[in-house]
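Subject: Structure handover

Hello,

Here is the structure you are taking over. My notes on it follow below.

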Amino acid sequence: MKNSESDQAFFIESDEDDDKDSIRGEDDGNESEFSNYSDDNPHHQSKPSSLNPSWPQSYRQSIDLYSSVPSPSLNFLGTPTLSRLGSSFLSSSLTRRHTPEILPSLSKPFLPPATDNQQPQERRSSHSLLPPRGSSAKKLPPYQKSSKVSHELPLARQSSYGQSVVNGINVLCGVGILSTPYAVKEGGWVGLLLLFLFGVLSFYTGILLRYCLDSQPGLETYPDIGQAAFGTTGRLIISIILYVELYACCVEYIILESDNLSSLFPNAHLNLGGLILNAHYLFAIMIALAVLPTVWLRDMSVLSYISAGGVVASVLAAGCLFWVGLVDNVGFQIETTKALNLSSFPVAIGLYGYCYSGHAVFPNIYTSMAKKSQYPVVLLTSFCICGVLYAGVAVMGYMMFGESTASQFTLNLPTNLVASKLAVWTTVVNPFTKYALTISPVAMSLEELIPSNHMKSHIYSILIRTGLVLSTLLVALCIPFFGLVMSLIGSLMTMLVTLILPCLCFLSIRKGKITLFQVSLCVLIIAVGTVSLGIGTYTSLAAIIQELS
């Protein structure tokens with residue numbers, strides 16, 4: 001969740017037709033053989049199902065805002081549906097301060113009941129690794145009460161193939177690309193195999209999420225899958241894990257900004273009555289204060305447009321690295337590189353794992369697609385593009401800097417070159433726009449806990465969001481180790497969200513409907529994820545403790 005890869009927010013003015021967009025079975029006849037699959041019981045009727053919207057109710061809306069690219073200018077990749085804005089940036093951020101909103105999707109059963117004659121769309125597949133669709137998921141408890149939530153509503157979910165691919169790349173290819181050369185340094189050239197191994201396994205578990213979503217009508221998000229698999233406890237645990245991952249990414253953003261601005265202005269400092277703040281502390285505090293007003297906004301549509309440039313920013317930073325190495329001729333240090341570095345190899349596990357932390361958003365991308373049959377191809381395209389970009393930057397960066405490779409390759413670039421300055425400033429601006437969108441899902445989930453009689457008061461939201469920003473600043477100041485924190489997130493959170501939980505949910509939901517081979521493959525992936533989690537987390541924590549001492 002980190003990488004970051006937005007639908008605009010607007011005043012509530014949706015009609016009944018908007019609510020129907022969340023119902024499955026809208027695939028057209030242009031389904032590829034790769035993406036099709038068969039039902040083991042073609043005469044099976046989906047049963048009525050509804051969800052008691054237990055915490056968090058705001059997940060769908062907040063993650064849509066965080067992850068989706070709203071720009072309608074992607075015609076070269078497909079034909080996107082034009083988005084519509086219901087309010088301007090200023091009007092919604094100012095007037096909604098005292099305007100409570102009741103989301104239609106939350107004031108009604110979260111999972112719309114299916115009619116008696118409603119049947120799931122039939123599909124066929126020759127893909128032996130992917131299971132048939134069934135309806136063996138645990139039925140969710142009945143809807144009990146409506147709830148009021150004071151936040152934004154996403155736009156109509158009609159993403160084209162091109163938009164979905166860019167959304168996938170925007171989620172996968174974030175700040176993790178800056179540390180891929182460092183990952184090679186920590187693990188050696190052999191460690192690059194982990195990049196491709198995790199890529200293949202993550203792609204497959206991303207496909208498994210689709211079958212979990214299709215197991216019964218109305219499932220839309222990762223927490224929904226957790227509830228279908230393990231009840232309310234599963235929903236709660238998965239939600240907490242996802243929110244902690246987003247919170248940790250915000251900590252990384254502050255460390256990233258502080259490191260890069262310090263490299264640009266190493267002599268910056270501030271003397272406050274004998275208390276001297278060096279460049280790292282000074283810029284970390286300044287960044288936190290700068291992003292604070294953006295976090296207070298109720299309508300983040302402007303930030304959504306800007307953060308959609310995350311894909312461009314990642315490609316631009318990578319291009320600057322190649323330019324410095326190949327055109328500016330800074331030289332290579334291939335003789336200092338190592339084939340295998342066993343002592344720090346576990347750190348590389350978390351760094352490579354972090355590169356594929358997009359599963360929290362994949363269900364939202366799938367349910368927002370106009371042609372859901374294209375989801376496997378969208379996922380494959382996104383993973384291939386990101387994998388090639390990661391590998392290229394990793395190889396080039398490690399060849400250029402060898403054993404002196406820093407946790408972010410921008411810190412190794414010569415400061416006197418134009419390409420270096422462009423890469424650093426691109427790295428600085430991009431997380432600045434994404435911070436508010438990343439912390440917003442966490443804030444909105446906490447705002448749900450505000451008593452209903454206080455929801456009209458905006459002061460509680462301001463206090464919650466201010467507290468979150470200050471806490472991320474405090475953590476970043478206490479643990480200012482970008483690479484090690486990223487390795488910890490990748491080992492602990494990403495392995496859970498990307499490898500372990502999708503397989504566990506799939507086995508629970510599809511129990512009795514899958515083959516022995518599919519069960520064995522899921523068990524193998526769970527084993528790989530568990531071992532990586534244990535070794536990577538222990539090593540990262542030990543290294544952080546050693547640095548602090």
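In these notes, contact means heavy atoms within 4.5 Å. On that basis, and leaving aside neighbours within four places in sequence, Tyr352 is in contact with Ala183, Val184, Gly191, Leu192, Leu194, Leu195 and Phe198.

The model is predicted: local features need pLDDT of at least 70, side-chain atom pairs count only at pLDDT 80 or more, and totals for chains, interfaces and linings use all residues. Residues are numbered from 1 along each chain as its sequence is written, and side-chain values use heavy atoms, with hydrogens and water left out.

Nonpolar core

A nonpolar core is a set of buried Ala, Val, Leu, Ile, Met, Phe, Trp, Tyr and Cys residues joined through side-chain atoms within 4.5 Å. Buried stands for under 20% relative accessible area, exposed for over 50%, and partly exposed for anything in between (1.4 Å probe, protein chains only). The largest core has 131 residues, and among them Tyr352 and Tyr435 touch the most other members. Helix H8 (residues 222-264) contributes the most to this core, with 18 residues. Helices here are DSSP runs (H or I, at least four residues), numbered from the N terminus.

Aromatic rings

Rings of Phe, Tyr and Trp (its six-membered ring) pair if their centres lie within 6.5 Å; planes under 30 degrees apart are stacked, over 60 edge-to-face, and the rest tilted. There are nine aromatic pairs in the structure. One of them is Phe203 with Phe383, edge-to-face at 6.1 Å centre to centre and 80° between the planes. Phe203 belongs to helix H7 (residues 192-213) and Phe383 to helix H14 (residues 375-401), so this pair ties together parts 180 residues apart in sequence. Phe203 is buried at 15% relative accessible area, and Phe383 is buried at 7%.

Tyr356 and Tyr390 also pair edge-to-face, because their ring centres are 6.1 Å apart and their planes stand at 85°. Tyr356 is in the loop between helix H12 (345-354) and helix H13 (362-367), while Tyr390 is in helix H14, 34 residues apart. Tyr356 is buried at 2%, as is Tyr390 at 0%. Ring pairs link Phe203, Tyr356, Phe362, Phe383 and Tyr390 into a cluster.

Cysteines

How many disulfides are there? With a disulfide taken as a pair of cysteine sulfur atoms within 2.5 Å, the count is zero. The sulfur of Cys355 is too far for a bond, because the closest cysteine sulfur, in Cys173, is 8.5 Å away. Cys355 is buried at 1% relative accessibility, whereas Cys478 is partly exposed at 44%.

Regards

Notes
Helices (H or I, at least four residues) and strands (E, at least two) are DSSP runs, numbered from the N terminus.
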